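Please keep the sequence and the structure at hand while going through the points below.

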Amino acid sequence: MNRCEQVFPARDYDLAATLTSGQVFRWQPHDNGWVGVIDRRWVRLESADGSITACVAGPVSDWNWLAHYLQTELDFGAVLSSFPDDEPMRSAVGACRGLRLLRQDPWECLASFILSSTKQIVQIRQILALLCERYGDPVPVPTGHAPAFAFPTAARLAGVSEAELRNCKMGFRAPYLLATARVIASGQLDLARLQHLPVADSRAELINLPGVGRKIADCVLLFAYGFQDAFPVDVWIMKALQQLYFPRRRPGLPRLQRFTETYFGSNAGYAQQYLFHYMRTRRPAPVPRGALKG
DNA sequence: TACCAGGAGAGCG
DNA sequence: CGCTCTCATGGT
């Protein structure tokens, strides 16, 4: 039966934390709910005890695409119980039980994280809003709602000039996004194929793209393809690992990266998202005596 | 004003 | 391999 509204059972699902946790950048709060675009569909989400209600702009017969995006079928308890049983992970889970990983479109995820480097989340959101407004196709929206746009295709961005991209405030990231868009649009790399490769091979293909290093590759592996063992190490995670696990030794990035490959288990990516959220939302660590100027 | 932001790439020892 | 520097841009 075709309908514009659907209810998904969703225990232990903190929708607000999930949509604002830095894995996705285009959801906006609206009347107790959230409005966004998934692929080429306008979507409104609202959570109420134990479920998520979704509204779309036109009738839909098959809702699997949204269940897949939200990962509502996931055995979440199994994920939590696979975490290492240590104090940092207990604190991180205790601070925000219900934080989830979405399953995004690979191209949108890849392009978004190319634009994320040394930018704060609010600024990433601003860049992407400009990019979608200018180069994304408009999508149907229920009457009374603001216009909404699909994420621009690689083919569309491949035909845009670097100067036009820089006008979206992306700075030195513009040539990276443009070059990667051209590789994808030309068919030289098929993003859909990476889903079926071993994670290391998929990662290697992503790192070959201009503007994509280990961190951004791991974001795409985790947030788009769902490789649960991918563990993006950014500045926040690096601080978290150093403070929580190596308070005295302070290893560098390469050693920390190797640590994450074995320590956090089969759902390391989920553990990473909990540590990231925990570091970003808890009160700042006290400044050590002597580090103060005045 | 100075410093920093979910990094990547190039140059160096 | 591991360190350092630069690359735009906006916010505090």
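Asn 267 is buried, because its relative accessible area of 12% falls under the 20% limit. The model described here is a predicted one, and the points below take up the surroundings of Asn 267, then a group of aromatic rings, and then charged side chains that lie over rings.

**Asn 267 and its surroundings**
- Asn 267 is placed in a loop, with helix H14 (253-263) on one side and helix H15 (268-281) on the other.
- When residues up to four places away in sequence are not counted, Asn 267 touches Ala 78, Val 79, Ser 82, Phe 83 and Gln 228.

**Aromatic rings**
- The count of aromatic pairs comes to 16, and in the pair of Tyr 263 and Phe 264 the ring centres are 5.0 Å apart with the planes at 90 degrees, so this pair is edge-to-face.
- Tyr 263 counts as partly exposed, at 32% relative accessibility, whereas Phe 264 is buried, with a relative accessible area of 0%.
- Tyr 263 and Phe 264 also belong to one aromatic cluster, which is formed together with Phe 231, Tyr 245, Phe 246 and Phe 259.

**Charged side chains over rings**
- Arg 173 lies over the face of Phe 172, at 4.1 Å from the centre of that ring.
- Lys 239 lies over the face of Trp 236, where the distance from the ring centre is 4.8 Å.

Note on methods: Residues numbered from 1 in each chain as written. Chains lettered and ligands numbered in written order. Predicted model: local features only at pLDDT ≥ 70, side-chain atom pairs only at ≥ 80, totals over all residues. Heavy atoms only, no water. Helix = DSSP H or I, 4+ residues; strand = E, 2+ residues; numbered from the N terminus. Buried < 20%, exposed > 50% of the residue type's maximum accessible area, 1.4 Å probe, protein only. Contact = heavy atoms within 4.5 Å. Phe/Tyr/Trp six-rings, centres within 6.5 Å; stacked < 30°, edge-to-face > 60°. Lys NZ or Arg CZ within 6 Å of the ring centre and 35° of its normal.
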